[in-house]
Amino acid sequence: MSKPRMTLKDVCCDLRRRNFPISQPALADGIVDGTFPFGKVLHVTNGRRCFLILRKDYESWADANAPITKEEPQ
C-alpha cells in the first residue's frame, strides 16, 4: 500500500520518471505560487516551508498534465 502523502522528493522523482524534470526548490516555489495545485504550504518556520502533498491529488494532476509516455524503440 502506498503512503497517502508525498514529499517534494517523491514528487520530483515521479515527475522525472514522466520526463518532466524539475528540482525540489522549483517544485516548492510552484506549489507556493499555485502553479502546482496539488500541494499547499502548511506553515513556515524560520524560513523553512512545510508542505502537504496528498498522493491522490498529485496523481490526478500528473495523469492529466504529465502523462507517462512510452518511448518507441528505434
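How are helices α1 and α2 oriented to each other, roughly perpendicular or roughly parallel? The views below start with that pair, in a predicted model where local features need pLDDT of at least 70, side-chain atom pairs count only at pLDDT 80 or more, and totals for chains, interfaces and linings use all residues. Residues are numbered from 1 along each chain as its sequence is written, and side-chain values use heavy atoms, with hydrogens and water left out.

**View 1. Helices α1 and α2 cross.** The two helices are roughly perpendicular to each other (angles of 65 to 115 degrees; under 35 is roughly parallel, over 145 roughly antiparallel, and the rest oblique). Helix α1 spans residues 8-17 and helix α2 residues 24-33; their axes come within 10 Å and cross at roughly 105°. Axes here are lines fitted to C-alpha atoms over the stretch in contact, with angles from 0 to 180 degrees between N-to-C directions. Helices (H or I, at least four residues) and strands (E, at least two) are DSSP runs, numbered from the N terminus. On the α1 side, look for Leu8, Lys9, Val11 and Cys12, which meet Gln24, Leu27, Ala28 and Ile31 of α2 (contact means heavy atoms within 4.5 Å). These residues divide into six nonpolar, one polar and one charged, where Ala, Val, Leu, Ile, Met, Phe, Trp, Tyr, Cys and Pro count as nonpolar, Asp, Glu, Lys and Arg as charged, and the others, Gly among them, as polar.

**View 2. Phe20 and Phe36 form an edge-to-face pair.** The structure holds six aromatic pairs, and this is one of them: the ring centres are 6.5 Å apart and the planes stand at 70°. Rings of Phe, Tyr and Trp (its six-membered ring) pair if their centres lie within 6.5 Å; planes under 30 degrees apart are stacked, over 60 edge-to-face and the rest tilted. Phe20 sits in the loop between α1 and α2, and Phe36, 16 residues apart from it, in the loop between α2 and β2 (39-45). Phe20 is partly exposed at 28% relative accessibility, while Phe36 is buried at 8% (buried is under 20% relative accessible area, exposed over 50%, partly exposed in between, with a 1.4 Å probe and protein chains only).

**View 3. Phe38 and Trp61 form a tilted pair.** Here the centres are 5.1 Å apart and the planes at 55°. Phe38 comes from the loop between α2 and β2, and Trp61 from helix α3, 23 residues apart. Phe38 is buried at 4%, and Trp61 is buried at 13%.

**View 4. Arg55 is buried in helix α3.** Helix α3 covers residues 55-65, and Arg55 has a relative accessible area of 17%. Leaving aside residues up to four places away in sequence, Arg55 touches Ser2, Lys3, Pro4, Arg5 and Met6.

**View 5. Strands β2 and β3 make a hairpin.** The strands run antiparallel and are joined by six bridges (strands pair if DSSP finds at least two bridges between them). Thr45 has Arg48 of β3 as its bridge partner, and two residues lie between the strands. Asn46, in the loop between β2 and β3 (48-54), has a positive phi of about 50° although it is not a glycine. Asn46 is exposed, at 78% relative accessibility.

**View 6. Asn19 has a positive phi.** Asn19 lies in the loop between α1 and α2. Its phi is about 60°, although Asn19 is not a glycine.
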